[in-house]
Amino acid sequence: MKKILLLEDDLSLSDGLTFALKKQGYDVSAKRTVAEAKSAWNGSVFDLLILDVSLPDGSGFDFCKSVRQSSDVPVIFLTASDEETSVIMGLDIGGDDYVTKPFKLGILMSRVAALLRRANNTPVDNTVLESNGIRIDFLQGQAFRNGKAVELTGVEFKLLCFFMQNPNIVLSKEKLYERLWDSDGNFVDDNTISVYIRRLRTKIEDNPDLPEKIVTVRGLGYKWRVTV
């Protein structure tokens, strides 16, 4: 049984989510403060974290930062803001996904199931993949740029793998949705992929504003353009 740590200070929402998650067969530990969540985290092992951003004694971002010092467990943020700055902050500190309040229960359940399926299950055709000065070592689960390790979130790593496994092929947003979340585009906020692409470009491109590796094909999607 997969164990989920839910950090949400709204009692009615927490109770509702706990009930729904348990009905899906998950073992849920619901906490209402960062302090309670840290105590639970230090005393158990979880397969996925669902973190509210605004909390009485801090934020889900703060808790995620502390978790990322020792674990790559999948993290979903619950946020009342879909502003790009908030989304980027969540991704930068190691979040894998976010859901904007108010949300439909089915959307969250889909994200939870998809992340749990994807955790530690990145398809591997070869142990090493290289192009455009980027090398992926699947056994290490690590990407390198010009020989130096690149720190990527779980979703960023999977996105980069998918691009490099499909060189010079245009990948639509719908195809990227399917790959990363095992769902159709209806379950993903419109700018989610755009934000992930932008963040990945800042980490692997020489000039993120003029990308040469992950290029936009107007009206169609994106492609990994092999130049070397």
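**Aromatic pairs and charges over rings**

pLDDT is the predictor's confidence in each residue, from 0 to 100. Helices (H or I, at least four residues) and strands (E, at least two) are DSSP runs, numbered from the N terminus.

This is a predicted model: local features need pLDDT of at least 70, side-chain atom pairs count only at pLDDT 80 or more, and totals for chains, interfaces and linings use all residues. Residues are numbered from 1 along each chain as its sequence is written, and side-chain values use heavy atoms, without hydrogens and water.

The protein's mean pLDDT is 86. Of its residues, 90% reach 70 or more.

Now the rings. Rings of Phe, Tyr and Trp (its six-membered ring) pair if their centres lie within 6.5 Å; planes under 30 degrees apart count as stacked, over 60 as edge-to-face, the rest as tilted. That rule gives 2 aromatic pairs.

Trp41 and Phe46 are stacked, at 6.4 Å centre to centre and 15° between the planes. Both are buried, meaning under 20% relative accessible area with a 1.4 Å probe, protein chains only.

Phe61 and Phe77 are edge-to-face: 4.9 Å between centres, 85° between planes. This pair links distant parts of the chain. Phe61 is in helix α3 (residues 60–67), Phe77 in strand β6 (residues 75–79), 16 residues apart. Phe61 and Phe77 are both buried.

Next, charges. A charge sits over a ring if NZ of Lys or CZ of Arg is within 6 Å of the ring centre and within 35 degrees of the ring normal. Lys3 lies over the face of Phe46, 5.3 Å from the ring centre. Arg135 has its charged end over the ring of Phe144, 4.4 Å from the centre.

Technical notes. Buried < 20%, exposed > 50% of the residue type's maximum accessible area, 1.4 Å probe, protein only.
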